[in-house]
Amino acid sequence: MSAKAIREVTGKALLNKHLPSSVCAECRFASVDENTKWAELVNEHPWLQTEKLVVKPDQLIKRRGKLGLIKVGADFAGVQAWVDERMNKDQKVGKAVGKLRHFIIEPFLPHDQGDEAYVCIFSHRNGDTILFTHEGGVDIGDVDAKALKLDVPIEETPSEDEIKEKLLTHVDSPRKEKAAAFIKALYDQYVDLYFTYLEINPLVITSENIYILDLAAKLDATAEFMCKAKWGEVDYPPPFGRDALTEEAYIADLDAKSGASLKLTILNEKGRIWTMVAGGGASVIYSDTICELGGAGELANYGEYSGAPSEQQTYEYAKTILTLMTKENHPDGKILIIGGGIANFTNVAATFKGIVRALQQYQAKLVEGKISIFVRRAGPNYQEGLRVMREVGKTLGIPVHVFGNETHMTAIVSMALGKRPIPKEPVVESHTANFLLPGGQNTACFTPDPTSKSSPIHQGPPSEISYLKEMFSPSLKRQSPRPERKTSAMEHSKVDAKASSEQLFQKNSKAIIWGMQTRAVQGMLDFDFVCSRTEPSVSAMVYPFTGDHKQKFYWGHKEILIPVYKNMADAMKKHPDADVLINFASLRSAYDSTIETLAFPQVRTIAIIAEGIPENLTRVLIKRAKEKGVSIIGPATVGGIKPGCFKIGNTGGMMDNILHSKLYRPGSVAYVSRSGGMSNELNNIISHNTDGVYEGVAIGGDRYPGTTFMDHLMRYHDNPEVKMLVLLGEVGGVEEYEVCEALNEKRITKPIVAWCIGTCADMFSSEVQFGHAGACANAERETAVYKNKALAAAGAHVPSSFDELGIEINKVYQDLLHEGIIVPKEEVPPPTVPMDYNWARELGLIRKPASFMTSISDERGQELLYAGMPISAVLEQGLGIGGTLSLLWFQRRLPQYATKFLEMCLMITADHGPAVSGAHNTIVCTRAGKDLVSSLVSGLLTIGDRFGGALDGAARQFSEAFDKNMLPMEFVNDMRKKGQLIMGIGHRVKSLNNPDKRVEIVKNYVKSNFPSTPLLDYALQVEKITTSKKPNLILNVDGVIGVAFVDLLRHSGTFTPEEAEEYINIGTINGLFVLGRSMGFIGHYLDQKRLKQGLYRHPWDDISYVMPEHYSS
């Protein structure tokens, strides 16, 4: 949602902060809630005890004065008593009942009734409107009839003179100057702070100053990333009558942190019917259907998940709903509807796996609550998703009914409510993913049952359909509102002269893609191929974060390269035939990239995919695009599709849906919708009930889409190939009334089937913001019920519900068939598009040996795993470095004494001064100007048998001798006979008389904490023999760590003998030295850099130059 209501205290705080102090008095107020301490409130606002006060609830309640919810002229004690009497008490406002929990207290301002005025600013598609009347207050009456109006176009600001002339004609001269200055400053802040609505009533205008008394406002919440510093923390309260639950706040937080869309509104916690619906449009339709079938009183929630959420995100979403659903049982059991349309790009299997995890977790509560589950979904990988859902249904112990796109989207609602029987086995689809199975083209066709009462087949010709002939008269002139692309004579030569201004897409249309959207591009190319286009529809991609290069894609069976450019200008210059820009930029950069695109005259159509672009910016885009003659589809859209011709990005879904809905060739029906997800459902409905789609566009769910319903309907109407129109409108806005006007004025004469979703809104006691930003009714005219009545009255074919939409479409289609206006064409099988390897593997259709195997970590899920343990658990349980090593090196958790030993080894081996070979190499390399990695590697490469590599050797030599039951003396003598040094014995400096403290610490720790130390004991006996010959032949650090590590592997109880031997042989113990010493080498690198040491050159006097004598003469 973009426009969100704020509390009065928030609005006044924003105006206090940003309005110039010269234009009005500062708003003084104190906010009270159930946690307020009155004594502290008085200390913060001393005027509370010295002035007369006004107190009222601050919970988005309209007409508080009329409801008796304002106390005027009371002292502080009276205000406190009035608030205490009402705090947490139920209050009825219209149909809504809620508890009063937030109040605002202000000083009482004595004034004359004649000083009261009314001012309101609100935004609409073409600009902002300022309403003003010199009469304000509780009894203002009909504002629309009384108020003077000043319309302010986009990117313009009214002057004080305009304000005086248009709005202040009834304000006397002494106050007019002040009022004009105030309204101008107020409007400036309205725009700058991204308000979408601001009403002050009354506004008190005296000869001395201006005072803001009551205020109501809405902010464009999508502008937070631009206005955070100006706004500060903003609280968006729920509509009165609905408390904000912690679960709703949790989902809102999840939504804010995700690129997907996750929404949840609790309507009735005790309700029987719960929904978990994918898609903003689909979620509204499911709620509509539940209410139409009598379930309004039992509907527990409204919500949606969309935008390809991950498995983990859907798990969290499902878990939240199941937590609420299973709090209380219902004697009749409960119903969970897991529904959705046909997804465009969301992996249905991935989202369903998240839901399945939640269902399994709540199995006992689901059984106890006698819950029945009804599932309907389709889209990418939906077959696997439905299979997973069916499998879990067999184990949950509750009824789980699962359906795909062979079932009408909302049919599961009537099944769940007992209004229709539940079929046993759904029809199995004849295709999967993006490959048509043999014979599938014939079996996939829709064959309705003529005996069924709900069959969409029209029985016999209608009694009178001759009126249809007039609708297709060739003499009808073009009425499309689409403007010509404005170009200069020079620019015009660069634009394809064949491009028609009436239609957005041609068979040879070419697009440039903004963003590295390889999946969407491949989908477009596969669509091109299956439509038998001669050339790809994608000319190039623009991605500012890399240099110019080429990206590999598939064109049918062969690979092709598509250029990727760093900047837009290069792409446009090198591809002058591209006239479509598909903009996948984020909400933060979509505006700038679109403005940049509008500068190129070759572009005629721009699709903006991003959701959440601030409304002020969207309106600027609409204005600039209109000036340039460019059509914008979106924002907040999946795009559009012209079967057999062109598709935008992910529109139409994957190849299985394109084949299923016959989108590879044109039909006779053109549609326009707000919802992208529902556009795919319309493709399905239309293809099953007519000869298919000619073109379809989802204009986007934001309040101000770039193009309107009428823009596209009139374009379709002008096209002789289009025989009938379909409109899927929704609650909110008034664009559908333009269609009514066109029908009444006979500007639209082709038959149109129309339905507006959101009919359930009237049945809720409090306001509900549906999935799309624009889907909220602010007046009766904006309700879906009112719109449907108006469309029917104007002559549109309006079904009784969305459930009947397909039947209504088929009736109109049958009329056109019988009249001969539509002549069915012979089906031609499309070319076969090879399935991508990755997708085939996802579906389990193929297998291939992996190039790599790993068993220590997995980054693919929602959370990184170390040997199966989530990284969050590693941190929360304080495993430390030793515990992390135990997971990554040994794939198990070692005892705490063992992990502490590992950490001790790392600390001991971290460094041994700058003179050793490894540190010396690192220092020399650093001083030669090399980078950290190069310098570190130069030091690590010196590790071997002579330096640092003795840990493994010591472990191996001592363990082999011990395992052969050799006496320590025998071992020493054997090594002498072989002429081999005993690894781990001997030190240059340390001796019996100057023992190595490091060895002593490790030895004492191991003896005190390890369960058994036979190899360490054996090594110490060897040390006694070697030191009897030379005092420096002691057990050194390498030796003590090596033998202690073997004791750990063999006697900790966590390794088998075979595993222990393998870890010794594969170099694990040396890994401790490498890891530990890396810390020291990095320290030497940083030290040399910090000391700013120059290039090292070894001194001559430290080198003995020995030249061959026979060359001396």
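In what order do the four strands of the open sheet sit? They follow the order 2-7-3-4, and their pairing is antiparallel. Please keep in mind as you look around that this is a predicted model. Below is a short tour of that sheet, the helices lying across it, and the nonpolar cores.

**The sheet**
- Strand 2 (30-33) and strand 4 (71-74) are the edge strands, and each of them pairs on one side only.
- From one strand to the next, the twist averages 25°.
- Strand 3 (residues 53-57) and strand 4 run antiparallel and are joined by three bridges.

- Helix 1 (residues 8-18) lies across strand 2, strand 3 and strand 7 (102-107), and runs at about 45° to strand 7.
- Helix 3 (residues 76-86) lies across strand 2, strand 3, strand 4 and strand 7. Its direction is at about 10° to strand 3.

- In soluble globular proteins, nonpolar side chains tend to be buried together.
- The largest nonpolar core here has 105 residues, and Ile-582 and Val-739 touch the most other members.
- Helix 18 (residues 518-530) gives the most to this core, contributing seven residues.
- Leaving out residues up to four places away in sequence, Ile-582 touches Ala-511, Ile-512, Ile-513, Trp-514, Met-524, Ala-607, Ile-609, Phe-646, Ile-648 and Gly-649.

Key: Residues numbered from 1 in each chain as written. Predicted model: local features only at pLDDT ≥ 70, side-chain atom pairs only at ≥ 80, totals over all residues. Heavy atoms only, no water. Pairing = 2+ DSSP bridges. Helix = DSSP H or I, 4+ residues; strand = E, 2+ residues; numbered from the N terminus. Axes fitted to C-alpha atoms, helices over the stretch in contact; angles between N-to-C directions. Contact = heavy atoms within 4.5 Å. Core = buried A, V, L, I, M, F, W, Y, C linked by side-chain atoms within 4.5 Å. Buried < 20%, exposed > 50% of the residue type's maximum accessible area, 1.4 Å probe, protein only.
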